[in-house]
Amino acid sequence: MIIMKLKGKHVWLALLIVITIAGIYAYREYNRKPADLSNVASQSSTTADSLVMLFEKDELKANALYLGKAIDVTGVIAEITNQKDTIINVTLGKKDDMHRVSCLMDVQHINDVKTYKESDMIKLRGICNGYLMDVELNRCVVIK
């Protein structure tokens, strides 16, 4: 009887330890932030104009090359949209173009883009999310 009680206590202790470790792991994963792209190597480098042309010409091929990957894009700033310093979107390309590259800046790197203005040349790294009206990049950082 005493041996059975000891084994039962050990089982409950082991179960409690496993549940605690699983809870800590789940909490850390739930609160994990995405990687800072300034420390991530880009998988490709291109210009804004050639990126837009590729998506216009063959979206399936462009998706295979760029979708979900960190890419560096160089281009002329057509527009900077600043919504109360919480969301900054940099649009690359010519103002007259129907389709451009839309780069949503990473919150941690908003101040890096404030030194730029329209018609400046800039190089940004972001995750390609595909093609809607523009080629969409998220979590962008300025590459110097």
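Me: Which residue does R125 form a salt bridge with, and how far apart are the closest N and O atoms?
Reply: R125 pairs with D72, with the closest N and O atoms 2.7 Å apart. A salt bridge here is a side-chain nitrogen of Lys or Arg within 4 Å of a carboxyl oxygen of Asp or Glu. Bear in mind that this is a predicted model: local features need pLDDT of at least 70, side-chain atom pairs count only at pLDDT 80 or more, and totals for chains, interfaces and linings use all residues. Residues are numbered from 1 along each chain as its sequence is written, and side-chain values use heavy atoms, with hydrogens and water left out.

Me: Where do R125 and D72 sit in the chain?
Reply: R125 is in strand β5 and D72 in strand β2 (residues 70-83), 53 residues apart, so the pair links distant parts of the chain. Strands (E, at least two residues) and helices (H or I, at least four) are DSSP runs, numbered from the N terminus.

Me: Are those two buried or exposed?
Reply: Both R125 and D72 are buried. Buried means under 20% relative accessible area, exposed over 50%, and partly exposed in between (1.4 Å probe, protein chains only).

Me: How many salt bridges does the structure hold?
Reply: Six. Another one is R100 with E79, closest N and O atoms 3.8 Å apart. R100 counts as buried at 15% relative accessibility, while E79 is partly exposed at 32%.

Me: What about E118, which residue is its partner?
Reply: K95, with the closest N and O atoms 2.9 Å apart. E118 lies in the loop between α4 (110-113) and β5, and K95 in the loop between β3 and β4, so the pair ties together parts 23 residues apart in sequence. K95 counts as exposed, at 54% relative accessibility.

Me: Switching to helices: at what angle do α2 and α3 pack?
Reply: Helix α2 (residues 48-57) and helix α3 (residues 59-66) pack at about 130°, with axes 5 Å apart. That makes α2 oblique to α3. Axes are lines fitted to C-alpha atoms, for helices over the stretch in contact (heavy atoms within 4.5 Å). Angles run from 0 to 180 degrees between N-to-C directions; under 35 degrees is roughly parallel, over 145 roughly antiparallel, 65 to 115 roughly perpendicular and the rest oblique.
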